[in-house]
Amino acid sequence: MTVNITFCGSGAWGTGAGRPLTVSEADTNLYNVQQAVNALQAAGIIPEAIGSVTVSGNAMTILGTSGTSFGTFTLPMAPAAQWRSGVGAPGNSLGVNGDCYWDTASGLTYGKAGGAYTVSGSLLPVLAGTSATSLAIGTGPVTFTVAGSPAFQVGQFVIAASAAGPANYMHGVVTSYAGTTLGVNVLDTGGSGTHADWKLALSGAQGPALVISGTSSTSLTIGTGSRTLTTQAGIAWIVGTQVLIAEASSGTNYMQGNVTAYTGTSLTVNVTAVGGSGTHGDWNITLSGVGPQGATGATGATGPGATLSGTSTSSLAVVGSGTVSLTTQAGIAWSPGAQVLIADQGNGAIFMQGNITAYSGTSLVVNVLSASGSGTYSAWNISLSGCVGPTGAAGATGTTGATGPAPVISGASTTSLTVTTGTFLFNVPAGMAIVVGNAVMLSETSNAANYLQGNVTSYSGTLMQVNFTTASGSGTHSDWTLTLSGPPGPTGATGPTGPTGATGATGPTGATGPTGSTGPTGPTGATGATGATGAVPKLATTSSVGMTIATGSITFGMDTAFDVVAGNQVILASTANSANYMLGNVTTYGGSYSITVNVTVTGGSGYFSSWTVALSGSPGPTANIATALPSATTSQLYGGTGGAGAAQAVTVGTGLAMSSETLAVSYGTASGTAAQGNDSRITGAAQQTTGSWTPVDASGASLTFTSIHAGYTKIGNIVFAFATFAFPSTSNTSDVLIGGLPYAIANVPYGYSFLAPVYADKVTSYPMLAQGYMNSSTLAFNYNGGSVAQVKNVDLSLADIDFMLIYPVS
């Protein structure tokens, strides 16, 4: 049978997975090897067959397929006749009456009388027999009464298998053999029970058992890099073998890597992949990959051609044991003792398997030893399933490469999400063939009209984050189907524009003031010569550097040169969606393709690797109207309704000041002054800050949360925060308190009045709500509708937690 193995890397054995194997793949490799070993044990060991027969005069020498000599035998010689030999039955035209003939293919002997040859017997040694001795399967000395006179010798290995069930067997060494009494010291067994239908045959010695797993109590902290453990000696590990070191009490805590040293009881592994966390001392160590395949041996010489299979239309019922007779083709290279498979042509899973007891002309008789399926059929394929006769050995067939696993590109999610655009984190199955950047669709399982569509921004373990840019339908749902999705199709045609509403009545027009007289226009001066046109500056470029939208200093490379200097204001906009951008001033640019920008304003969010970079302009200089004033006054302008050169009074309004012919803005924080820059009066209400935070246990139970993903956005004095994390296993009965909020809740009476729903996959009886405390960064979890108001730590043992908050800050 073919053993399918999944490899980590590529090599002589074919294309590997290109990554450390998953636990499922490693288990599948071990399972396939175990199935192959079980199949070999169930089939039993095929005895050595006749390899060649040579006749010289009346001396006949028989050799086995592995070179074992069965001895030289003296052939009887009839007076006035001679022995003849050949492959196959003799023709009646050969020789004379009284001649003897030896068929070297089947071992049968023939005698010629009355001008025709008939079978007279067989000169091959008998290498198998039967016994009706009732024996229980077990190890140690046993004695059989044997029928069939097999040519067993003391010291040979024999196997005794139940005819009704070959998986029930005893295997050992012949200790004595006289007449029909055979003594055997049983060394290993298969199956169980007491049987009296034994089939005995020569067998090879039992090979040693292969140990491929072990244990260790060495205390280790889960992490990558070199790890050394004390384990058992003599396990089938070699340098390069990939192993899985998993905690015995929780298989989710593991380390995986390749053996770098194994001597005695000391095992060193270079860990490249981990799962879970913590320090543990109860490890199970198992193979999680397969070592390199050895070189393929040379192809053996091809023997002479022979027909080894046939067909039959005999109507037969499938039997597990007993004799069946079929009519088939003549001249096929079958002989008594050969093992054949009789399989239904319409369904290969229906078959009978056994040894040929007679084959002459088109008549074939088989002693069935095992079968699969049931019923009566009349279209059979018959092929050798055991050793082939004297035909030359065929070269070994190369190993079939492992079939790669089919990619998983869809899955289900039970995370509660509202149909709207934005970036969301939700649970999905692990190991799907989906990567960052893929377009995916999340559609409600019960109503596909409710869906979200966007691109994956992160995927690790069972958590996926997607920036959804398209939403259809409405509502909040928790039965989602995730699938790979192509990019959104083109926007459909715009529907017809509705009728324009009636225009309201126009109010009365105010009176127009008198227009002052226009002064004479002076002559136009001569136009100077036009200067040469300067080089066109490069005011935009592109960048393919991957960056996440955020404020602060960023340094990145550009695809082409960019004509900017320090202080210029530039904008970086996502090529795919310009609503995602960063705006700031150049701090460093020396003419190369590398530039540093201090980002002060952002729009949108997410991670992008295709940007359009361009100048965005900067504030112009403050106008100084002093140049339009005469030097002799600080409060008059000339011109206007008073006629040419007439002085007009200038009224300086609130927030302005006139001094020494200069009209300036009066800045400050007092009443009547103007605000500028990052004055909190104009930036506090609209300023936006984003970041991450870490939920921590504040109940005093010293619990450690895992799988944490938490973030926030602060706009003015309102904080929008979310979190998802996993509770550890705990029996602590303290009230649940979650600390670590990114900002303390405002110290005002309404600060603690918010109630936010909490999702926990273990708690389904009552909804849970999160409630904060004034002037605190701590949350409490309460039941809503249950008999117990406060949630306890033990209630959330091993639960996955999700919630979102909106609360005020000082």
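Which backbone nitrogen does the side chain of serine 776 reach? Hold that thought for a moment, everyone, and hello.

What we have on the screen is a predicted model, so let me start with confidence, because pLDDT is the predictor's own confidence in each residue. The mean pLDDT here is 82, and 81% of the residues reach 70 or more. Over residues 290-294, though, the pLDDT is below 50, and this stretch has seven contacts in the model beyond near neighbours in sequence. Residues 386-391 also stay under 50, with ten contacts beyond four places in sequence.

Now the overall picture. The secondary structure comes to two helices and 60 strands. Of the 810 residues, 32% are buried. The protein exposes about 43,100 Å², and carbon and sulfur atoms supply 55% of that. If you take contacts between residues at least 6 apart in sequence, 57% of them join residues at least 24 apart.

Back to my opening question. The side chain of serine 776 reaches the backbone nitrogen of threonine 778, at 3.1 Å. Serine 776 sits in the loop between strand S58, residues 768-772, and strand S59. Is this serine buried or exposed? Serine 776 counts as buried because its relative accessibility is 17%, and the cut-off for buried is under 20%. Leaving out residues up to four places away in sequence, serine 776 touches Ala744 and Ile745.

Let me show you another loop residue, threonine 133. You will find threonine 133 between strand S8, residues 128-131, and strand S9, residues 135-136. With a relative accessible area of 19%, threonine 133 is buried. The side chains of threonine 133 and serine 131 are joined by a polar contact of 3.1 Å. Setting aside neighbours within four places, threonine 133 is also in contact with several residues, among them Thr143, Phe144, His195 and Trp198.

Tryptophan 237 counts as buried, at 5% relative accessibility. What does its side chain reach? The side chain of tryptophan 237 reaches the backbone oxygen of isoleucine 212, at 3.3 Å. Those two residues are 25 apart in sequence, with their C-alpha atoms 6.9 Å apart in space. Beyond its neighbours within four places, the contacts of tryptophan 237 include Ile212, Val243, Tyr262, Leu267 and Ile285.

On to charges. How many salt bridges does the structure hold? The structure holds three. One of them pairs arginine 19 with glutamate 25, with the closest N and O atoms 2.9 Å apart. Arginine 19 is partly exposed at 36% relative accessibility, whereas glutamate 25 is buried at 12%.

Arginine 84 and aspartate 99 also meet in a salt bridge, at 2.9 Å from N to O. This pair links distant parts of the chain: arginine 84 is in strand S4, aspartate 99 is in the loop between S4 and strand S5, and they are 15 residues apart. Aspartate 99 counts as buried, at 1% relative accessibility, while arginine 84 is partly exposed at 24%.

Then there is lysine 792 with aspartate 735, where the closest N and O atoms are 2.4 Å apart. Lysine 792 is partly exposed at 27%, and aspartate 735 is partly exposed at 31%.

Next, the surface. Ile715, Phe720, Phe722, Met804 and Ile806 form a nonpolar patch, with about 430 Å² of accessible area together. Strands S55 and S60 each supply at least two residues of this patch. Methionine 804, for one, is found in strand S60, and counts as exposed because its relative accessible area is 54%.

Serine 707, in strand S54, has a positive phi of about 55 degrees although it is not a glycine. Leucine 798, in the loop between S59 and S60, has a phi near 65 degrees, again positive in a residue other than glycine. Serine 707 is exposed at 52% relative accessibility, and leucine 798 is exposed at 58%.

Conventions. Residues numbered from 1 in each chain as written. Predicted model: local features only at pLDDT ≥ 70, side-chain atom pairs only at ≥ 80, totals over all residues. Heavy atoms only, no water. Helix = DSSP H or I, 4+ residues; strand = E, 2+ residues; numbered from the N terminus. Buried < 20%, exposed > 50% of the residue type's maximum accessible area, 1.4 Å probe, protein only. Contact = heavy atoms within 4.5 Å. Areas by Shrake-Rupley, 256 points an atom, 1.4 Å probe, with all protein chains shown as cover. Polar contact = N/O pair within 3.5 Å; in protein donor to acceptor, adjacent residues only side chain to side chain. Patch = residues over 30% accessible without salt bridge, like charges linked within 9 Å, V, L, I, M, F, W, Y side chains within 5 Å. Salt bridge = Lys/Arg side-chain N within 4 Å of Asp/Glu carboxyl O. pLDDT = per-residue confidence, 0-100.
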